[in-house]
Amino acid sequence: MDLLPNKESKENAFTFIPTGENPPKGICPPEKKSPKICGTNYPLSIAFIVVNEFCERFSYYGMKAVLTLYFLYFLHWDENTSTSVYHAFSGLCYFTPVIGAFIADSWLGKYKTIIYLSIVYVIGHVIKSVGAIPTVGNQTVHVVLSMTGLSLIALGTGGIKPCVAAFGGDQFEEEHAQERSKFFSVFYLSINAGSLISTFITPVLRGDVKCFGGDCYALAFGVPAVLMVIALVVFIAGNRLYKKTPPQGNILLEVCKCIWFAFTNRIKNRSQQIPKREHWLDWASEKYSNQLITEVKMVTRVLFLFIPLPMFWALFDQQGSRWTLQATKMNTDFGGLVLQPDQMQFLNPLLILIFIPVFDLGVYPLINLCKLNFTPIKKMATGMVLAGLAFAAAAVVELKIEENALPDPVPKECYVQVLNLADRNIEMAVLHHDLLQLSVEPFHDPDDYSKLILTGAQQSLPFRILYQGSSFTFNHTVQEKLLYSLIVYKAEGNVTSSLIKDMDGKPSEGMAAIRFINTLPQDVNISLGIEEFVKSYGASDYRIVERGSYNNVKCCSEGEESILHLGLLDFGASYTVVITRNNSANSLDAWKVEDIPANNIHMAWQIPQYLLISAGEVMFSITGLSFSYSQAPASMKSVLQAGWLLTVAFGNVIVLIVAQGAPLKQWAEFVLFAALLFVVCVIFSIMGYFYRSINPEEVIDKDSKQETPSKKNMIGLVAKKTKL
């Protein structure tokens, strides 16, 4: 059955099928004429629909932009778990549109489906926001609330996805096809505008606004919740203006039934004595019309081409997970403007808005002038190549980041650095072990940690220090898989040493870590936000501070106050500050050592990979939808949209499987995804080479002409029961 009018514009191909309210049985309601906007042919009702879509997309993308860091820093999950849950949620958001379409087409109609599922959507946002309040329950409560909220959000956003655009298209009369086409342009502009603004703003609300003593995730989720409430109120406000068409049945369900019947009928009739049929779908002819079978054949040809496509989306959707996690390990200072790591996602919608006219008005016409046969299949393959190159670029960036990474101790290994706070050079060695032999200058910042091989999980090692011809031996116990600093200093005229544990990882969230070592015989008090007390010849614990310059730090000792100039404490760095006395100036001084290097790879190096994957999206996604819809009749657009959305869902499932099943170093994982996409691109290109484009309307007309004579021949046939 035709569920989409043949005259419907190509932009409306994004919808499933027109549905609406059930009229009373036996009554055909008169077509409702909606008021127009300023004397044009645009119904006033579409203004409510466009505003609703903008707010809903702001709500969805704004919440999703901070989701990975919420898992990582608030719920304290590791990177692989955070990535897996993120993509499980993303995949669910693209599975649920099939459910929403079925509800709208077979039961409630589009209007009520949008209303009811938007309420579910709002409830999910509220639960998610409450789950991000640190004072509400414990860790288990936060996880339960978060997962419940995300499940409801996935049902809500996916459920209304196939309905809103189609509902907007229903507001136009058939004679206003041109206005309807322009409406869809504005509609999808509102989607990108909502995505662009929200992915820039919500990370600011998360990182720059502080609440409950840390990043304000409750606000970052709460604002999208408010936008979703506004979307629902605006949509309901236009109720009297909407034209609501009745449900007309679910073509997707009908197609699935036809395919299943053909498959089972072929299995039942696999005897050699039964004549074969030209196509396996012809086995459905006993139950379904020839026209439907012909249309399903055209759809299955396109759906077969969809099989390799999930691999592209597996790469594309990692912008919000792996690429965001990569940005947390980078320098985000753009000349005084400090961006949040999750803000880089705004580049994608921004570049899409730029690239669409650039490609349509510049790149494609230029290729045509060169008389190159740049078919849709070739465009999509090129988009895959660009996405693969984007991940290759991401792998290069990741390798540069890992150059400054901390050593990763394995069992029966530990690492140590030596800080010489004495006034002369020292020679350092471990007795009876060829483990460590160093010559250390006074107040020299160590270049790197030295590895110690141990005989067990814990070992006591004799450290020998040569100082001005004298030998001193100190026993220190070390444990495997830890990092240490061996502090050598003079106390009461003698050389002594102290072994202290170092941080074994970079400070999270782009913060800096600092600790103080007091080489004075007196205790000191250091005011850095809050007062820090450090005993004589002692060391403080690490403190996490925000990145910034600290040049007015007060340090008091026995009534004497000095100002310490610590300088810049940079992103992701860990510092040891040694308090010493400057005898010539009769004041206290600070010597700063960088234990863990700062994030010295700038986040701007991510721009090439965003450029590549955004260009790939334009060539792959837009071209793919346009091409697939051109290869099937209008009545099957909803089936193709369902298939397209499912490729996105399965792409996220691929990421989930790789993140959990094959843990690799991050750069290696990027290379793996790039290689897989290149392989899939070759397979897709081969499939496309043998694909022959068709005109669906011509095929249907030809099939109808062939069907007519067979019907005439069947007029005289009489069905009789035969006793075997």
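Glutamate 669 is buried, at 2% relative accessible area, where buried means under 20%, exposed over 50% and partly exposed in between (1.4 Å probe, protein chains only). The model is predicted, so local features need pLDDT of at least 70 and side-chain atom pairs count only at pLDDT 80 or more, while totals for chains, interfaces and linings use all residues. Residues are numbered from 1 along each chain as its sequence is written, and side-chain values use heavy atoms, with hydrogens and water left out.

Glutamate 669 forms a salt bridge with arginine 322, the closest N and O atoms being 2.8 Å apart; a salt bridge is a side-chain nitrogen of Lys or Arg within 4 Å of a carboxyl oxygen of Asp or Glu. This pair links distant parts of the chain, with arginine 322 in helix 11 (residues 322-327) and glutamate 669 in helix 16, 347 residues apart. Helices (H or I, at least four residues) and strands (E, at least two) are DSSP runs, numbered from the N terminus. Arginine 322 is also buried, with a relative accessibility of 2%.

By the salt-bridge rule, the count comes to 17. One of these joins aspartate 170 to lysine 110, at 2.3 Å from N to O. Aspartate 170 belongs to helix 5 (residues 139-170) and lysine 110 to helix 4 (residues 110-131), so the pair ties together parts that are 60 residues apart in sequence. Aspartate 170 is buried at 9%, and lysine 110 is buried at 0%. Another salt bridge, of 3.0 Å from N to O, is made by the side chains of aspartate 333 and arginine 547. Aspartate 333 is in strand 3 (residues 333-334), whereas arginine 547 is in the loop between strand 16 (543-545) and strand 17 (548-550), 214 residues apart. Aspartate 333 counts as buried at 19%, and arginine 547 as partly exposed at 25%.

The structure holds one disulfide, a disulfide being a pair of cysteine sulfur atoms within 2.5 Å. This bond joins cysteine 211 to cysteine 216, with 2.0 Å from S to S. The torsion about the S-S bond is about 110 degrees, so the disulfide is right-handed. Both partners are buried, cysteine 211 at 17% and cysteine 216 at 6%. The sulfur of cysteine 163 lies 15 Å from the closest cysteine sulfur, in cysteine 93, too far for a bond. Cysteine 163 is buried at 2% relative accessibility. Cysteine 258 is in no disulfide, as the nearest cysteine sulfur, that of cysteine 256, is 9.9 Å away.

The largest nonpolar core has 133 residues, of which Phe89 and Met636 touch the most other members. Helix 13 (residues 376-402) gives the most to this core, with twelve residues. A second, separate core of 23 residues includes Cys414, Leu452, Tyr484 and Leu486. A nonpolar core is a set of buried Ala, Val, Leu, Ile, Met, Phe, Trp, Tyr and Cys residues joined through side-chain atoms within 4.5 Å.

Serine 685 lies in helix 16 (residues 666-690) and is partly exposed, with a relative accessible area of 29%. Serine 685 and lysine 378 are 307 residues apart in sequence and 7.4 Å apart in space, C-alpha to C-alpha.
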